[in-house]
Amino acid sequence: MVAIQLDGVSKQYGSITALRNVDLTVESGEIFGFLGPNGAGKSTTIDILLDFVRPTNGSATVLGHDAQTESVAVRSKTGVLPDGYHVYDRLSGREHVQFAIDSKESTEDPLDLLDRVGIADAADRNAGGYSKGMTQRLVLAMALAGEPELLILDEPSTGLDPNGAREMRKIIREEADRGATVFFSSHILEQVEAICDRVGILNNGELVAEDTISGLRASLETDSRLDVTLENADNGAVSAAEDVAGVTSAIQDGSMLSIALTRESKYEVLAALDREGYSIVDFTTDESSLDDLFAAVTGEPRSEDHTEEDAAAAPTEVEQ
Ligand SMILES: Nc1ncnc2c1ncn2[C@@H]1O[C@H](COP(=O)(O)OP(=O)(O)OP(=O)(O)O)[C@@H](O)[C@H]1O
């Protein structure tokens, strides 16, 4: 079954094209990472799924319901962690979660949900006094209310420290294990790689890639490197390596061969050297990083905070 389907979705804000003819399918039960630099159109896509924004062209279905004409049904089955949710200062964490539980017509105990996100001890404090990370955890607890079929999480790790980000990933996995579909946006690649079945990469309103991370790597044929230390390196070893399909260059430096090649050809190179009578003492490989992948498909390096640690160290925004 399909959880999310976008067909030719475009969104124009005056002269700004936020989305351009986006087709996207997320299968039910998947953990799907929606990546893109700031301003790529991630939040606009999410807003369209929830009918907070209407597309200029195209259509969207969520859990089999038309996003525009059946938005009530969509929202009743979906848990949402929006970007920049504002809490009610004078209501407690428990009251916030109770509100979410009631709106899903569920019967859970708010304390259980607050416990899952690690802030049960602050249940009766006013949410206005919560830190940014605690607020993010609270909003996640609200999203989890009623065991939704679909979780839509917009930049879920915002404001979380590395531990918090890890706990967030654990909860995402648990939700997928019980059968929920998880669709989350991020510009932090490491988080996406750690848990996603598939990713979509949005750039300037266009979906420039939709694949598994390993599929993306292979299809981009991003260069990797293989350094091989040989007992008996010589020019013949350089030639033997260069003869293998997928090798772009091989350079000898003493006992070491430094080979630029596609990822798939690594083992073939090792096998060829062995066949030609070279004794391999050691080898190391250098996978292209997700940073490289991201730069390759979007044509630009990342400009934002790169890691959870960075994200945690970044100054927090003023809330409310
Ligand atoms: N209400 C609006 N009016 C005008 N332009 C808008 C509006 N909402 C979004 N945009 C523009 O549409 C583009 C896509 O924005 P969007 O918020 O969807 O990107 P994003 O990928 O979610 O970015 P970020 O990671 O910064 O949240 C941007 O150029 C943005 O300025």
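The structure is a predicted model, in which local features require a pLDDT of at least 70 and side-chain atom pairs count only at pLDDT 80 or more, while totals for chains, interfaces and linings use all residues. Residues are numbered from 1 along each chain as its sequence is written.

The secondary structure of the chain comprises 12 helices and 14 strands, where helices (H or I, at least four residues) and strands (E, at least two) are DSSP runs numbered from the N terminus. The chain is divided into domain 1, formed by 2-77 + 149-217, and domain 2, formed by 223-287, with bounds that come from an automatic or database domain assignment. The C-alpha centres of domain 1 and domain 2 are 41 Å apart. Of the 320 residues of the chain, 39% count as buried; a residue is termed buried if 20 or more other C-beta atoms lie within 10 Å of its own, exposed if 12 or fewer do, and partly exposed in between, with C-beta atoms placed from the backbone. Among contacts between residues at least 6 apart in sequence, 69% join residues at least 24 apart, a contact being defined by C-beta atoms, placed from the backbone, that lie within 7 Å.

An open sheet of 6 strands has the order β6-β7-β8-β3-β9-β10, and its pairing is mixed; two strands are taken to pair if DSSP finds at least two bridges between them. The edge strands are β6 (78-81) and β10, each of which pairs on one side only. Neighbouring strands of this sheet are turned against each other by 15° on average, direction ignored, where axes are lines fitted to C-alpha atoms, for helices over the stretch in contact, and angles run from 0 to 180 degrees between N-to-C directions. Strand β3 (residues 31-35) pairs with strand β8 (residues 181-186) in the parallel sense over 5 bridges, with Leu35 opposite Ser186 in β8 and Ile31 opposite Val182 in β8. Two helices pack on this sheet. Helix α1 touches β3, β7 (150-154), β8 and β9, and its direction makes about 150° with that of β7. Helix α6 (residues 162-177) touches β3, β7 and β8, and its direction makes about 150° with that of β8.

Strand β9 (residues 198-203) is joined to strand β10 (residues 206-211) by 5 bridges, and the two run antiparallel, with Leu202 opposite Leu207 in β10. The hairpin of β9 and β10 has 2 residues between the strands, and in this hairpin Asn204 takes a positive phi near 50°.

A further open sheet consists of 4 strands in the order β2-β1-β4-β5, with antiparallel pairing. Strands β2 and β5 (65-66) stand at the edges with a single partner strand each, so one side of each is left without a neighbour in the sheet. Strand β4 (residues 57-62) and β5 run antiparallel and are joined by 2 bridges, and Thr61 stands opposite Asp66 in β5.

The ligand is surrounded by 13 residues, the closest of which are Tyr13, Ala18, Asn38, Ser43 and Thr44; a residue is counted as near a molecule or strand if its C-beta atom, placed from the backbone, lies within 6 Å of it. At least two residues of this shell are supplied by each of β2 (16-27) and α1 (42-49), and the largest share, 3 residues, comes from α1. The shell divides into 4 nonpolar, 7 polar and 2 charged residues, where Ala, Val, Leu, Ile, Met, Phe, Trp, Tyr, Cys and Pro count as nonpolar, Asp, Glu, Lys and Arg as charged, and the others, Gly among them, as polar.

Arg125 is placed in the loop between α4 (110-116) and α5 (132-144). Because Arg125 has 14 C-beta neighbours inside 10 Å, this residue counts as partly exposed. Leaving aside neighbours within four places in sequence, Arg125 is in contact with Ser92 and Gly93. The C-alpha atoms of Arg125 and Ala73, which are 52 residues apart along the chain, are separated by 33 Å.
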